[in-house]
Amino acid sequence: MQTRKGTVENVVQIGEVTFLIKVEIPEIAREIAPGQFCNIKVSETNFPLLRRPFSISNVKGNSIEFMIDVIGEGTKILATKKPGDALDILGPLGRGFDTSGDYKTAILVAGGIGLAPFPFLINSFPEDKNVKLFYGARSKKHIIDYNYKNKFICTDDGSAGFHGNVVDYLNSSMDELKGDSIKFFACGPTPMLAALKRFCQANSFDCEVSTESAMACGFGICQGCPIETTEQGYYKLICKDGPVFNISEIEL
Ligand SMILES: Cc1cc2nc3c(=O)[nH]c(=O)nc-3n(C[C@H](O)[C@H](O)[C@H](O)COP(=O)(O)OP(=O)(O)OC[C@H]3O[C@@H](n4cnc5c(N)ncnc54)[C@H](O)[C@@H]3O)c2cc1C
Ligand code: FES
């Protein structure tokens, strides 16, 4: 973990409220693994005071990309960055996805901005894995522009792809999934992760999920990001023990 000044290369709008921010920062690009995150100081002033956590969306040579939804003051500032601007970044943080194991097919389940860590993860799978992405959005206009050949879209209102959420789609695809050796990787809103947990447990699938909470320090000091584990009365920290957990480890 280190704090470095990166240089913004470009900021591209790829969705209604979604921006892809590319930052040259060799020291962190060299070290980071899929599913890990960085804590970004979004402005040179002290407003907002706290850093904001973002997954690494991709690594390209000496640069990293963040896929960011604008939801409040911090993300609004990030979306207005210009090429050449400096960005103070703390990372790599947390524990990422584990792509090892003898499964044949990796199914990635993304909800909304939960798509963010998957471009990097997709590029990191060993060549012998078959990788599919199931991506759910509220409607066609909420779909983030990410081009991947093995992608299946679901929308809540049926305006694009399958009409329903991603877990409905998985349930309807059970005939195709049966008999395949699969591991799931997911990132998205907690209700989606909870439904996926029920689906995976009912069908005995292994699954890792990337979780979220508000964060302050990002590395285990402030105790501000607890998550309840399946071991009664025992909590872990999302920033240090996660954000990626095996679905069997945590309550959702
Ligand atoms: C490990 C981790 C990885 C993340 N990766 C990404 C990513 O790749 N792309 C991305 O767009 N976002 C990601 N987030 C969420 C991101 O950190 C928040 O959206 C961001 O901090 C909001 O900052 P803001 O100043 O714009 O909003 P604020 O002004 O701080 O908040 C605006 C509103 O959003 C709510 N809010 C703030 N943070 C969260 C959150 N984590 N979950 C739900 N509601 C929240 C606040 O309660 C408030 O109502 C990640 C969060 C974590 C913990
Ligand atoms: S954010 Fe401080 S302990 Fe997790």
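Two strands pair if DSSP finds at least two bridges between them. By that rule, strand β10 (residues 151-155) and β11 pair in the parallel sense, over 2 bridges. Helices and strands here are DSSP runs, H or I of at least four residues for helices and E of at least two for strands, numbered from the N terminus.

Some housekeeping. This is a predicted model, in which local features need pLDDT of at least 70 and side-chain atom pairs count only at pLDDT 80 or more, while totals for chains, interfaces and linings use all residues. Residues are numbered from 1 along each chain as its sequence is written, and chains are lettered from A and ligands numbered from 1 in the order in which they are written.

Back to the sheet. T155 stands opposite H163 in β11. The sheet is open and mixed, with 7 strands in the order β11-β10-β9-β8-β12-β13-β16. β11 (162-163) and β16 (244-246) are at the edges with a single partner strand each, so one side of each has no neighbour in the sheet.

Helix α6 lies across β8 (105-111), β12 and β13 (206-210), and runs at about 165 degrees to β12. For that angle, axes are lines fitted to C-alpha atoms, for helices over the stretch in contact, and angles run from 0 to 180 degrees between N-to-C directions. Contact between two residues requires C-beta atoms, placed from the backbone, within 7 Å.

Now one residue in β12 (residues 182-187), namely C187. Is C187 buried or exposed? It counts as buried because it has 28 C-beta neighbours inside 10 Å; the cut-offs are 20 or more other C-beta atoms within 10 Å for buried, 12 or fewer for exposed, and partly exposed in between. Beyond four places in sequence, C187 is in contact with A110, G114, P117, V209 and S210.

Of its 68 residues, C38, L108, V109, F134, A186 and L196 touch the most other members. Helix α6 (residues 190-202) gives the largest share, 6 residues. Domain 1 (2-93) and domain 2 (105-210) each contribute at least three; these bounds come from an automatic or database domain assignment. F134, leaving out residues up to four places away in sequence, touches I107, L108, V109, F152, C154, V166, Y169 and L170.

Last, the C-alpha centres of the two domains lie 25 Å apart. Their contact takes 13 residues from domain 1 and 13 residues from domain 2.

Note on methods:
Core = buried A, V, L, I, M, F, W, Y, C linked by C-beta atoms within 7 Å.
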